[in-house]
Amino acid sequence: MTIDPAKSIPAFYAGQSIFLTGATGFLGKVFIEKVLRSCPDVREIFLLMRPKKGLDVNQRLEKILNLPLFDKLREELPSSFKKLIPISGNVNEKVLGLADKDKQMLIDRVTIIIHTAASVKFNDSLKYAILNNTRSTRDICILAQNIKNIVALVYVSTAFTNVNEPFVEEKVYSPVVNWKKMIDMAESLDEHNLNVFTAKFLDYAPNTYIFSKNLAESVIHEYSSSLPCAIVRPSIVVSSIKEPFPGWIDNYYGPISLCAGIAKGAIQIVYIDKSCYNNIVPVDIVIKAMLVACWKLGLTTFTKDSNLFVLNCVNEKRTTHQYGRNIYRSLNDEIPAEGTIWNTKGRYTNNFILFYILTMLLHVSPAILIDRILICFGRRPIAIRLVRLLYVVNCVIYYFSSNNWEYSNLNKSFLTSLILPEEQEMFSFDYSAYDSKEYYKNMMIGGKKFLLREDLNQLNAARVRQRRVNLFSTVVENIIFLGVLWILYKWIFL
């Protein structure tokens, strides 16, 4: 395939009108920043948003644009923010909750749709997951069919939609059930009746999120006969590797919350198979993959015989959880979190019985004590609730941290080969040569700065506190251990 220089990536996006769902999410915000900075001649970006916490969509957008994520763009291209047009809607509602006038405006002006919106909670009810993740994808496709000048529809799925396949190819597999019937059931049955079917349906998937995303891929596959579509499948999306700066993160989703808990000393035991591979991918790599996949669609003449383009976007370096923990431990003395409450060893086990016992001893028992102290001082108890939340998170992500999958990456190699040499640095999503330790270091710094909102100028104080806490916790743990041995000795021999 020969690329006309006039069809470079920024040139392709010049004059395009993009409709983005999930604009307030982790991926959505980084997508906005990257497009405005790297494709400055894009015409406009319509952002599907919903009012929240007393803020309308314009106020929410203003709040988002004040994030440090946009500092570089604010300095270099401040006028580009005028190209952002918030649209009130909700993917949980029929027809995306769009007003008629907004829907008509999208039909008249949009040329590209990027669908990233989804409920990513693994423990959502089946009804909620289907309406958010499957029905919304169908409604996006129906909207795209009505758009006059549609160039591309990119759907962001997940690398885990086909967990029953040990080797995941870049194709859509046969659906586990009929997506149309599932949407009808979700719309017509109440939560209680629909939950009766949950156990049956989850024979095919570990949770409702994966199940609903699997069905959404089938939706895209069916509509791809009449629309230029692509599916991008990222694995677990974490901190940026480079853009707009290393270490950007603002999401506590899944394993990130566990990492934060370990850094603070609040988590002492983690349910994980440390010999399995780490399924993380930097957020800016995913965004570049989305942009290039969309560009490829725009350069390809669409026919009814065109194949649906599927791109697996996963970790290129097969490192284990044990490897990641070793790097974390080597860096933790250099970049500790502030206000640690106990040691930050983060013990790993894949034995559920041991995990449960240690959770009771190391998490629940101290949490009960802390909550009683808080009550005595007239404060609201929060420790047990936090421990329960982290326990549930650890259990639901264990499936993904205790299994390995292999992925085809032929389309990744194909796409990166199409990018012009002078645009490789800006748009290539090949990061096989990255320095793992440097990436983890930037991830830890980003977590401190943007998630925990800690001052990096206070690192010396944090180091002093952590040394004291580590010494104190080691002494206490040894005393408890010796005490238990003494009790066992008295019980057995006396």
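1. Let's start with Ile-236, which sits in strand S8 (residues 236-238). Strands and helices here are DSSP runs numbered from the N terminus, with at least two residues (E) for a strand and at least four (H or I) for a helix. Ile-236 counts as buried because its relative accessibility is 18%; buried means under 20% relative accessible area, exposed means over 50%, and partly exposed is in between, using a 1.4 Å probe and protein chains only. Leaving out residues up to four places away in sequence, Ile-236 touches Phe-160, Pro-255, Asn-279, Ile-280 and Val-281, where contact means heavy atoms within 4.5 Å. From Ile-236 to Arg-465 there are 229 residues in sequence and 32 Å in space, C-alpha to C-alpha.

2. A quick word on what you're looking at. This is a predicted model, in which local features need pLDDT of at least 70 and side-chain atom pairs count only at pLDDT 80 or more, while totals for chains, interfaces and linings use all residues. Residues are numbered from 1 along each chain as its sequence is written, and side-chain values use heavy atoms, with hydrogens and water left out.

3. Now the sheet. It is open, has 7 strands with parallel pairing, and its order is S3-S2-S1-S4-S5-S7-S11. Strand S3 (84-88) and strand S11 (309-313) are the edges, each pairing on one side only; two strands count as paired if DSSP finds at least two bridges between them. From one strand to the next, the twist averages 20 degrees. As background, strands of a sheet pair through backbone hydrogen bonds, either parallel or antiparallel.

4. The chain gets from S4 to S5 through helix H6 (residues 126-146), in a right-handed β-α-β crossover. Right-handed means that, with the strands pointing away from you, the path from the first strand over the helix to the second runs clockwise.

5. Further along the sheet, strand S5 (residues 152-156) and strand S7 (residues 229-234) pair in parallel over 4 bridges, and Tyr-155 stands opposite Ile-231 in S7. Helix H9 (residues 208-223) packs on the sheet, touching S5 and S7, and its direction makes about 165 degrees with that of S5. For such angles, axes are lines fitted to C-alpha atoms (for helices, over the stretch in contact), and angles run from 0 to 180 degrees between N-to-C directions.

6. Back in helix H6, have a look at Asp-139. Asp-139 is buried, with a relative accessible area of 8%. Beyond its neighbours within four places in sequence, Asp-139 contacts Glu-93, Lys-94, Val-95 and Leu-96.

7. Most residues other than glycine have a negative phi, and most peptide bonds are trans. Phi of Val-95 is positive, near 55 degrees, and phi of Leu-96 is positive too, near 65 degrees. Val-95 lies in the loop between S3 and helix H5 (100-109), and Leu-96 is in the loop between S3 and H5. Val-95 is partly exposed at 40% relative accessible area, whereas Leu-96 is buried at 1%.

8. Here's a peptide bond to check: Glu-243 to Pro-244 is cis, with omega near -5 degrees. Pro-244 is in the loop between S8 and helix H10 (255-264).

9. Finally, a helix pair. How do helix H7 (residues 179-188) and helix H8 (residues 191-201) cross? Their axes come within 10 Å and cross at roughly 150 degrees, so H7 and H8 are roughly antiparallel. The cut-offs are under 35 degrees for roughly parallel, over 145 for roughly antiparallel, 65 to 115 for roughly perpendicular, and oblique for the rest. Met-182, Met-185 and Ala-186 in H7 meet Leu-194, Phe-197 and Phe-201 in H8. By class, that contact has 6 nonpolar, no polar and no charged residues. Nonpolar covers Ala, Val, Leu, Ile, Met, Phe, Trp, Tyr, Cys and Pro; charged covers Asp, Glu, Lys and Arg; the others, Gly among them, are polar.
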